[in-house]
Amino acid sequence: MKTGEMKLDGNAIGGLMAELFGMEMTTATSVCRSCGATEQLACVDVYVQAPGIVVRCRNCESVLIKIVRAPGRTWLDLGGLGTIELGP
Ligand SMILES: [Zn+2]
(Lines give C-alpha, C1' and ligand atoms only; values in the text may rest on other atoms or scores of the structure.)
Protein backbone atom coordinates (compact mmCIF):
# COMPACT_ATOMS: atom_id res chain seq x y z
CA MET A 1 0.00 0.00 0.00
CA LYS A 2 1.38 3.35 -1.01
CA THR A 3 1.72 6.22 1.39
CA GLY A 4 -1.27 8.50 1.38
CA GLU A 5 -3.55 5.79 0.14
CA MET A 6 -6.37 4.79 2.41
CA LYS A 7 -8.16 1.50 1.95
CA LEU A 8 -11.80 1.40 2.97
CA ASP A 9 -14.86 -0.63 2.11
CA GLY A 10 -17.92 0.27 0.09
CA ASN A 11 -19.73 1.72 3.06
CA ALA A 12 -17.28 4.61 2.87
CA ILE A 13 -18.81 5.74 -0.42
CA GLY A 14 -22.40 4.82 0.48
CA GLY A 15 -23.36 8.43 1.09
CA LEU A 16 -21.62 9.66 -2.05
CA MET A 17 -23.19 6.94 -4.21
CA ALA A 18 -26.62 7.66 -2.74
CA GLU A 19 -26.11 11.30 -3.66
CA LEU A 20 -25.03 10.48 -7.23
CA PHE A 21 -27.61 7.79 -7.97
CA GLY A 22 -30.41 9.08 -5.79
CA MET A 23 -30.81 5.77 -4.03
CA GLU A 24 -29.13 3.46 -1.57
CA MET A 25 -26.31 1.75 -3.48
CA THR A 26 -24.41 -0.22 -0.87
CA THR A 27 -26.91 -3.09 -1.20
CA ALA A 28 -26.55 -3.11 -5.00
CA THR A 29 -24.60 -5.98 -6.52
CA SER A 30 -21.71 -5.10 -8.81
CA VAL A 31 -20.35 -7.47 -11.43
CA CYS A 32 -16.68 -7.12 -12.35
CA ARG A 33 -16.23 -6.74 -16.11
CA SER A 34 -12.80 -8.30 -15.90
CA CYS A 35 -13.36 -11.49 -13.86
CA GLY A 36 -17.13 -11.66 -13.45
CA ALA A 37 -17.00 -11.65 -9.65
CA THR A 38 -20.16 -10.36 -8.01
CA GLU A 39 -19.96 -8.33 -4.86
CA GLN A 40 -22.23 -6.11 -2.86
CA LEU A 41 -21.05 -2.53 -3.19
CA ALA A 42 -20.80 -2.41 0.60
CA CYS A 43 -18.04 -5.03 0.37
CA VAL A 44 -15.83 -3.79 -2.47
CA ASP A 45 -12.37 -2.35 -1.83
CA VAL A 46 -12.32 1.43 -1.88
CA TYR A 47 -9.09 3.41 -2.13
CA VAL A 48 -9.18 7.08 -1.37
CA GLN A 49 -6.45 8.95 -3.20
CA ALA A 50 -6.85 12.68 -3.42
CA PRO A 51 -8.56 14.02 -5.41
CA GLY A 52 -10.27 10.80 -6.38
CA ILE A 53 -11.75 7.56 -5.16
CA VAL A 54 -10.97 4.24 -6.80
CA VAL A 55 -13.14 1.16 -6.29
CA ARG A 56 -11.43 -2.16 -6.99
CA CYS A 57 -12.63 -5.72 -7.41
CA ARG A 58 -11.71 -7.80 -4.37
CA ASN A 59 -11.16 -10.81 -6.55
CA CYS A 60 -8.88 -9.52 -9.33
CA GLU A 61 -8.11 -5.96 -8.19
CA SER A 62 -9.36 -4.45 -11.45
CA VAL A 63 -10.63 -0.91 -11.18
CA LEU A 64 -14.43 -1.02 -11.13
CA ILE A 65 -15.30 2.61 -10.49
CA LYS A 66 -13.39 5.88 -10.44
CA ILE A 67 -14.88 8.97 -8.87
CA VAL A 68 -13.26 12.38 -8.95
CA ARG A 69 -14.92 15.28 -7.26
CA ALA A 70 -14.28 18.97 -7.58
CA PRO A 71 -16.38 21.84 -6.33
CA GLY A 72 -19.69 21.66 -8.19
CA ARG A 73 -18.62 18.71 -10.38
CA THR A 74 -18.23 14.98 -10.21
CA TRP A 75 -16.56 12.66 -12.71
CA LEU A 76 -17.85 9.13 -12.50
CA ASP A 77 -16.20 6.31 -14.45
CA LEU A 78 -18.06 3.01 -14.29
CA GLY A 79 -15.98 1.45 -17.06
CA GLY A 80 -14.77 -1.53 -15.02
CA LEU A 81 -18.24 -2.61 -14.05
CA GLY A 82 -20.06 -5.21 -16.05
CA THR A 83 -23.41 -4.68 -14.41
CA ILE A 84 -24.92 -3.13 -11.33
CA GLU A 85 -27.91 -5.03 -10.06
CA LEU A 86 -30.24 -2.85 -8.05
CA GLY A 87 -32.60 -4.59 -5.73
CA PRO A 88 -35.00 -3.68 -2.97
ZN1 LIG B 1 -12.67 -8.83 -10.83
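The stops below begin with the overall fold and end at a cavity.

**The whole chain.** Display the chain as a cartoon; bear in mind that this is a predicted model. One helix and eight strands are present. Trace them from the N terminus, and the order reads β-α-β-β-β-β-β-β-β.

**Overall dimensions.** Next, show the C-alpha atoms alone. Along the principal axes they fill a box of roughly 30 × 30 × 20 Å. For 88 residues, a compact globule would have a radius of gyration near 12 Å, and the chain agrees because its own value is 12 Å.

Return to all atoms and colour by accessibility. Buried residues account for 31% of the 88 residues. Among contacts with a separation of 6 or more, 46% join residues 24 or more positions apart.

**The cavity.** How many cavities of 30 Å³ or more does a search of the whole structure find? The search finds one, and the volume of this largest cavity is about 40 Å³. To see its lining, select Ser30, Cys32, Ala37, Glu39, Val44, Cys57, Arg58, Asn59 and Leu64.

Now select Cys32 and Cys57, both of which belong to the lining. Are they buried or exposed? Cys32 has a relative accessible area of 3%, so it is buried, the limit being under 20%. Cys57 is likewise buried, because its relative accessibility is 4%. Across the whole structure, a search finds zero disulfides.

Notes: Residues are numbered from 1 along each chain as its sequence is written. This is a predicted model: local features need pLDDT of at least 70, side-chain atom pairs count only at pLDDT 80 or more; totals for chains, interfaces and linings use all residues. Side-chain values use heavy atoms; hydrogens and water are left out. On a 1 Å grid over the protein atoms alone, a cavity is a set of points where a 1.4 Å probe fits but cannot get out, and a pocket is an open set with protein on both sides within 12 Å along at least five of seven lines; lining residues have an atom within 4 Å of a point. Grid points are joined across faces, edges and corners, and a volume is the space filled by probe spheres set on the points. A disulfide is a pair of cysteine sulfur atoms within 2.5 Å. Buried means under 20% relative accessible area, exposed over 50%, partly exposed in between (1.4 Å probe, protein chains only). Helices (H or I, at least four residues) and strands (E, at least two) are DSSP runs, numbered from the N terminus. The radius of gyration is taken over C-alpha atoms; the globule rule is 2.2 Å times the number of residues to the power 0.38. Contact means heavy atoms within 4.5 Å.
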